[in-house]
Amino acid sequence: MLDGGFILAAFTAPIEIGTTPSSMLWMFPLLAAIALVYKATKMRVLFTKKYLLESLLLFLSVSGFMIMAIIVLNLLSWLVTS
Amino acid sequence: MADTNTTNRLPLDKGLWLITVGLAAWIIPGAGHFLIRERKRGMILFAVITTLFAMGLFVGSIGVVDWVSGRIWFYAQILYSPAVGLIGNITKGGGYPVYGRPCDVGQIYTCIAGLLNLLCVLSAVYMAYCGRGEMIGHEQEQDNA
């Protein structure tokens, strides 16, 4: 049964994250939060549908840029080391 | 209801009002917007920034808030709320060690939450300075009419 102590205890020990390429997936929640907060502060009037759409577009564009940067850096690394 | 119209305030009143909004936004993320009647915006900011900070603490444990060995990180983390100082006080003895990738992810998440809250503080103070809450209130009333 969940209680307050159990929930608090979950914050006293780190979870397991390996040093693997899949750990890069942790950037996506961060990018989503940045997109949501940025659009919430930037939009003059918050209409729910428009706000969500613009946040999604910002999230996708920043994610796309990050993925492109990863690909380019990997290619550079491969060219230098091969 | 609080008067959010800043245009008719005396300079001292206006200054105090802006400081109040800024402090409220720092103490509780989103509270600054809530004070200037931007309630929807305030709730979104509170939910997103608090979730991000809590995720950082969950991933890396409260050990990522360490003002002894991670002072630069701590300066960004405390922008989330002065309550982060209490967490730093708990962890200063080194009883919550964290290393490797969980430490990286936890520190990045908590620091970005703090920096996003700084953006919200500036946004709330700027909106209070411009009387934005009042203006949008009128716009909403016009939309409803």
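1. Two residues are taken to be in contact if their C-beta atoms, placed from the backbone, lie within 7 Å. On that criterion, and leaving aside neighbours within four places in sequence, V37(A) is in contact with L45(B), V48(B), I49(B), L116(B), L119(B) and C120(B). The model under discussion is a predicted one.

2. V37(A) also belongs to the largest nonpolar core, which comprises 47 residues. Together with V21(B), I49(B) and A124(B), V37(A) touches the most other members of this core. Two or more residues each are contributed by α2 (27-42) of chain A and, in chain B, by α1, α2 (31-35), α3 (39-60), α4 (71-77), α5 (84-91) and α6 (100-130). The largest share, 13 residues, comes from α6(B).

3. As to chain A itself, there are 3 helices and 0 strands, and the pattern along the sequence reads α-α-α. The radius of gyration of chain A is 19 Å, whereas the globule rule gives 12 Å for 82 residues; chain A is therefore more spread out than a compact globule. Its C-alpha atoms fill a box of roughly 55 × 40 × 15 Å along the principal axes. Of the 82 residues of chain A, 12% count as buried.

4. A further point concerns L18(B), located in helix α1 (residues 11-27) of chain B. L18(B) counts as partly exposed because it has 18 C-beta neighbours inside 10 Å, burial requiring 20 or more. Not counting residues up to four places away in sequence, L18(B) touches V125(B), A128(B) and Y129(B). By contrast, the C-alpha atoms of L18(B) and A113(B), 95 residues apart along the chain, are separated by 22 Å.

Technical notes: Residues numbered from 1 in each chain as written. Chains lettered and ligands numbered in written order. Predicted model: local features only at pLDDT ≥ 70, side-chain atom pairs only at ≥ 80, totals over all residues. Helix = DSSP H or I, 4+ residues; strand = E, 2+ residues; numbered from the N terminus. Rg over C-alpha atoms; globule rule 2.2 N^0.38 Å. Core = buried A, V, L, I, M, F, W, Y, C linked by C-beta atoms within 7 Å.
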